[in-house]
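I opened this model to look up its fold, its chain pairing and its DNA contacts. My entries follow in the order of looking.

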2 protein chains.
Amino acid sequence: MAERSTRDRILEVSLDLFGTRGVDAVSLDEIARAVGVRKQTVLYWFESKDDLVDEVLAVAAAELVIVIDAALRAAPDDPLDRIDAVVRAVFRPAVRRPALLGLIREVSRLDTEPAERLRSRIQSLVDRAVSYLGAEMDAGRIRRGDPGLVAALGYATLTGIATEPEALRAVGWQPTPAGLRQLRDELRAFLRAALTPT
Amino acid sequence: MAERSTRDRILEVSLDLFGTRGVDAVSLDEIARAVGVRKQTVLYWFESKDDLVDEVLAVAAAELVIVIDAALRAAPDDPLDRIDAVVRAVFRPAVRRPALLGLIREVSRLDTEPAERLRSRIQSLVDRAVSYLGAEMDAGRIRRGDPGLVAALGYATLTGIATEPEALRAVGWQPTPAGLRQLRDELRAFLRAALTPT
DNA sequence: ACGATCGTCTACCAATTGGTAGAGAGATGA
DNA sequence: TCATCTCTCTACCAATTGGTAGACGATCGT
């Protein structure tokens, strides 16, 4: 059982490979080999490599949205606690599969065209987050600032730290379970301090 | 006049192209064309593409180190002010040439081998920063935490925000001079809040 | 029972890539 | 003057890339 469809397996393998090694560095041949199939089968399921990249991005974005939504539904009322809940929720999959955030990050930096599609796909989530931040700032429960830029800064911190193992190695950090926990807690404290009203 | 050597021009053009479009996506032919020379001339000055990437990274790292050092020498004593000075100093070149941080970021995420060399090149700067943070934490002038991880988080925030124009566009930000100033100030406030003792 | 559709395959292909071999122009030093 | 060195060039090349054309067996609806 667990007979995942070929298409799904291609998507999953592609996410991992694209995310860890970069889109350009991974060929269709390599994806096919990892799936246990020929390149032409990949091209049967996806019109082109660009098409594949797009669909992989859609999957990654959807995964993130699901995780975030679930975390928010279960979170308490205080805005700092809610942000904390999102960080904890995103951190786990992000570290277990750096590919996820890594791919989103790489694509949105390099290729403007698929990045545009990705952006439009999660725009509503972004808008919600920004207006939420704005409301909480007005209520004095979050440090004042431009809500959009503060949101972007929080995003940059989270994805930056999750996608740059080399920077962490430079400061002597190691990816052990204890290290991961410590990193997560340090990230939470960092963001909490950055957002606490003065 | 301004007769930059072919070698220097190759380095400069490569930094821009690699940084904005990614190392893999830029061919030696394209670099050569942009310089106004043939590919073989590029390969005359640099043994291979890998070699070129390495040297470009060395140049980028050196540029950053110079900027940071200069900012620190002129900075006041208070640690938050010193960090502020570094942010302001790095922000200008980073935004004017996103390639600079973008390249460092891409390479350190994807290719472990050149990333290793890059890391060793700036390790002393990192060590200095981390031990400085540790000392100031002991003195109660910076929020307590693991100095290494706090340094990495600050780095992640700065490079993240400077290398992800798409995330900024998603929150409605525009790269006008006024927008840049606002972004810089928001970044400074964000980091200052994240590091201020509670 | 049989045609159509589905999923995967083998066989190619044109374009591009990083890289080699070596010629030739111009300056330099003996 | 001649040999050498520096720099850029033309001419190739093998490997890889994304992609096309079409054969083949299995499955399914009628």
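**Entry 1: the two copies.** I superposed copies by least squares on the C-alpha atoms of residues with pLDDT of at least 70 in both. Chain A goes onto chain B with an RMSD of 0.1 Å, by a turn of 180° and a shift of 0.0 Å along the axis. That is the relation of a two-fold axis.

I note the ground rules here. This is a predicted model, in which local features need pLDDT of at least 70 and side-chain atom pairs count only at pLDDT 80 or more, while totals for chains, interfaces and linings use all residues. Residues are numbered from 1 along each chain as its sequence is written, and chains are lettered from A and ligands numbered from 1 in the order in which they are written.

**Entry 2: chain A overall.** I took elements as DSSP runs numbered from the N terminus, with helices (H or I) of at least four residues and strands (E) of at least two. Chain A has 10 helices and zero strands. Its C-alpha atoms fill a box of roughly 60 × 35 × 35 Å along the principal axes.

For burial I counted other C-beta atoms, placed from the backbone, within 10 Å of a residue's own: 20 or more is buried, 12 or fewer is exposed, and in between is partly exposed. Of the 198 residues of chain A, 39% count as buried. For contacts I required C-beta atoms, placed from the backbone, within 7 Å. Among contacts in chain A with a separation of 6 or more, 62% join residues 24 or more positions apart.

I sorted residues by class: Ala, Val, Leu, Ile, Met, Phe, Trp, Tyr, Cys and Pro are nonpolar, Asp, Glu, Lys and Arg are charged, and the others, Gly among them, are polar.

**Entry 3: two spots on chain B.** B:G145 sits in the loop between α7 (112–138) and α8 (147–163) of chain B. B:G145 counts as buried because it has 21 C-beta neighbours inside 10 Å. Beyond residues up to four places away in sequence, B:G145 touches A:E186, A:A189, B:M137 and B:V150.

I then looked at B:A189, in helix α10 (residues 177–195) of chain B. B:A189 is buried, with 20 other C-beta atoms within 10 Å. B:A189 and B:D84 are 105 residues apart in sequence, yet 8.9 Å apart in space, C-alpha to C-alpha.

Entry 4: A nonpolar core is a set of buried Ala, Val, Leu, Ile, Met, Phe, Trp, Tyr and Cys residues joined through C-beta atoms within 7 Å. The largest has 114 residues, and A:L103, A:A152, B:L103 and B:A152 have the most contacts inside it. Leaving aside neighbours within four places in sequence, B:L103 contacts B:L15, B:F18, B:G19, B:V56, B:L57 and B:A60.

I checked helix α6 (residues 98–110) of chain B next. I took the expected span as 1.5 Å times one less than the number of residues. For the 13 residues of α6(B) that is 18 Å, and the end C-alpha atoms are 18 Å apart, which agrees. α6(B) is mostly covered: 13 of its 13 residues are buried.

**Entry 5: the DNA strands.** I called a residue near a strand if its C-beta atom, placed from the backbone, lies within 6 Å of it. Around DNA strand C there are 14 residues, the closest being A:T6, A:R38, A:Q40, B:S27 and B:S48. Which element supplies the largest share of the surface near DNA strand C? It is α3(A), with three residues. By class, this surface near DNA strand C holds four nonpolar, six polar and four charged residues.

DNA strand D has 15 residues around it, and A:S27, A:S48, B:R38, B:Q40 and B:Y44 come nearest. Here α2 (28–35), α3 and α4 (49–73) of chain A and α3 of chain B each supply at least two residues of the surface. The surface near DNA strand D has four nonpolar, six polar and five charged residues.

Definitions and conventions. Contact = placed C-beta atoms within 7 Å.
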